[in-house]
Amino acid sequence: LVRHVLLRKGFASGEHMVCLVINGKKLPHEKEFIERMREVGADSISLSFNMEKTNVMRILDQKKIPYHHYEYDNSQAYSGTEVADMLGQDPKVVYKTLVTVAKSKKNYVFVIPVEEELDLKKAAKAANEKSIEMLKSKELLPLTGYVHGGCSPIGMKKAFTTFLHSTAKEQEHIIFSAGKIGYQVEVAPEDLAKVVRFMFADVIK
């Protein structure tokens, strides 16, 4: 019945999270289980039923690229730093995917650490554009196939010129969205390069 039990401690908050991945549609005595977990100190409890692989995971599987996946509460979109904390991970290894539009009307993708902010001037310089601005949220889904909070550099509707912030060179693995709110994947930068053509660039403030 229970496929996985994941225990995490928030990197910044110190809160304890219990995540269960369950085969089936229901956990017997679910209410009693949750109450018991809270009694022993669990601050956050996540129950995932019949986890389905996201398109990003399927692409990685097809390319035979090793990865580790994470799950967290998918009831709403969280900030990148909140996701890092829920996963018990250092925010320096958790990255967010930002989609922009240049004055030329071309779109560019920037993948940067969640606790950092994109420097639009540096981004424009990296892309050899006069100026760049963030894509409007309402335009994200029709352009990429992803929603805010679940945007991944892998599996977009179209391949866009992509930049990975240079700090990723220092990391053995980075964590980013698996293309759906509540799901993240951990992949080595050199393996990411096998599915996404990107360039390293310093693009944060």
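Let's start with the surroundings of Thr144: leaving aside neighbours within four places in sequence, it is in contact (heavy atoms within 4.5 Å) with Val99, Gly155, Met156, Lys157 and Phe160. A quick word on the source: this is a predicted model, where local features need pLDDT of at least 70 and side-chain atom pairs pLDDT 80 or more, while totals for chains, interfaces and linings use all residues. Residues are numbered from 1 along each chain as its sequence is written, and side-chain values use heavy atoms, with hydrogens and water left out.

Back to our threonine. Thr144 sits in helix H5, residues 137-144; helices here are DSSP runs of at least four residues, H or I, and strands are E runs of at least two, numbered from the N terminus. Is Thr144 buried or exposed? Buried, because its relative accessible area is 1%, and the cut-off for buried is under 20% with a 1.4 Å probe, protein chains only. A polar atom of its side chain lies 2.8 Å from the backbone oxygen of Leu140.

Now, the pockets. On a 1 Å grid over the protein atoms alone, a pocket is an open set of points where a 1.4 Å probe fits, with protein on both sides within 12 Å along at least five of seven lines, and lining residues have an atom within 4 Å of a point. The largest pocket holds about 490 Å³ of space. Of its 25 lining residues, Lys96, Thr97, Leu98, His148 and Gly149 are the closest to its centre. Strand E5 (95-102) gives the most to that lining, five residues, and H5 supplies at least two.

Definitions and conventions
Buried means under 20% relative accessible area, exposed over 50%, partly exposed in between (1.4 Å probe, protein chains only). A polar contact is a pair of N or O atoms within 3.5 Å; within protein, one must be able to donate a hydrogen and the other to accept it, and residues adjacent in sequence count only if both atoms are side-chain atoms. Grid points are joined across faces, edges and corners, and a volume is the space filled by probe spheres set on the points.
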